[in-house]
Amino acid sequence: MSAEFAHARHERTIERSLRARAVLALGPATMLGGVLWAVVQPYRITLLHPFGQGFWWLVGGESPLYVVLAGLVFWRVVAIPLAEDMDAL
Amino acid sequence: MPRAEMVHWWFASGFLMLGLLAVARLLVGEEVWAMRPWRRYLLPGLMFLMGVLLWPVMTFYTNSTIHMIAHGSWAQVLMLAGGAELGLASGKLRSQWWRLCTALTMVVSGVAFLVHEQQHWLFARAAFLHHVLGWTLLVGAVFPLTQAFRPRSRAAALGFASVLFAISFLLFADRDTAAIFGHLSPYAGVPHR
């Protein structure tokens with residue numbers, strides 16, 4: 001393998017690795033956003049003060065937790081397989 | 001029945017997921033994205049599903065004709081965009097011009113937001129968000145429009161993903177009755193928690 005070709009391939013590998021890390025970071029960054037939102041507006045999480053709340057407020061009123069859940073699902077279902085595929089290339 | 005604001009938050013979660021998928025696809029490129037066949041269907045499938053789920057919203061949450069038409073048109077165009085993208089993902093549709101369906105979806109949705117909001121910008125938070133959502137969608141339609149002409153444009157793909165995140169943010173900010181920048185019309189009702 002010529003040095004020039006090896007260098008170009010090494011650079012492509014580094015770029016792929018950076019992109020894989022960026023994809024892997026999307027999920028945790030989203031989850032962190034949800035946690036920060038919950039800290040700033042704790043009243044948006046009904047589970048923290050559940051007494052007197054109806055069913056839908058307890059199930060459907062947890063918007064910061066939805067952000068955390070979206071980040072978690074994305075990370076587990078999409079980001080990790082994507083990073084594996086990038087490594088496999 | 002869940003409150004209308006909760007339904008907005010559920011759809012906000014859907015748009016957040018759409019935005020994450022769009023950014024991930026942009027980061028890894030089409031070649032890697034298509035390595036697992038199921039992944040090609042994630043984004044268009046979710047769009048189509050959200051269109052289907054807008055039908056019960058139209059049925060159970062609209063209290064006027066104009067609201068019903070607005071929600072019904074969202075359901076139809078979101079299903080159209082999702083269906084077109086599904087066809088492209090499966091290879092059954094080949095022309096890039098099918099991507100214009102997404103631009104059409106955003107234009108129709110934006111117009112529907114602006115037309116069916118009868119109150120002025122600072123009437124209440126919901127009214128403000130309707131105006132902002134309408135204009136965001138109308139202006140944001142330039143990105144899928146660009147993608148139809150230049151499918152490999154990374155700037156257009158990034159812009160489209162940004163619009164999805166913006167819609168998610170705006171829908172999460174929605175409340176049934178709440179002030180916006182300190183303004184709340186006495187006709188809007190009594191704010192709760």
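Two residues are in contact here if their C-beta atoms, placed from the backbone, lie within 7 Å. Keep that cut-off handy for the tour.

This is a predicted model, in which local features need pLDDT of at least 70 and side-chain atom pairs count only at pLDDT 80 or more, while totals for chains, interfaces and linings use all residues. Residues are numbered from 1 along each chain as its sequence is written, and chains are lettered from A, with ligands numbered from 1, in the order in which they are written.

**Stop 1: select chain B**

Switch to a cartoon view. Chain B has eight helices and zero strands (both are DSSP runs numbered from the N terminus: helices are H or I with at least four residues, strands E with at least two). Reading from the N terminus, the order is α-α-α-α-α-α-α-α. The radius of gyration of chain B is 17 Å, close to the 16 Å that the globule rule gives for 193 residues, so chain B is as compact as a globular protein of that length. For the record, that radius is taken over C-alpha atoms, and the rule is 2.2 Å times the number of residues to the power 0.38. Line up the principal axes and the C-alpha trace of chain B spans about 55 × 30 × 25 Å.

Now colour by burial: a residue is buried if 20 or more other C-beta atoms lie within 10 Å of its own, exposed if 12 or fewer, and partly exposed in between, again with C-beta atoms placed from the backbone. Buried residues are 41% of the 193 in chain B. As for contacts in chain B with a separation of 6 or more, 68% join residues 24 or more positions apart.

**Stop 2: zoom to Ser90(B)**

You'll find Ser90(B) in helix H4 (residues 65–90) of chain B. Ser90(B) counts as exposed because it has 12 C-beta neighbours inside 10 Å. Pick Trp121(B) too: the pair is 31 residues apart in sequence and 42 Å apart in space, C-alpha to C-alpha.

**Stop 3: over to chain A**

Chain A comes to three helices and zero strands, running α-α-α from the N terminus. Of its 89 residues, 24% are buried. Among chain A contacts with a separation of 6 or more, 70% are between residues 24 or more positions apart.

**Stop 4: where the chains touch**
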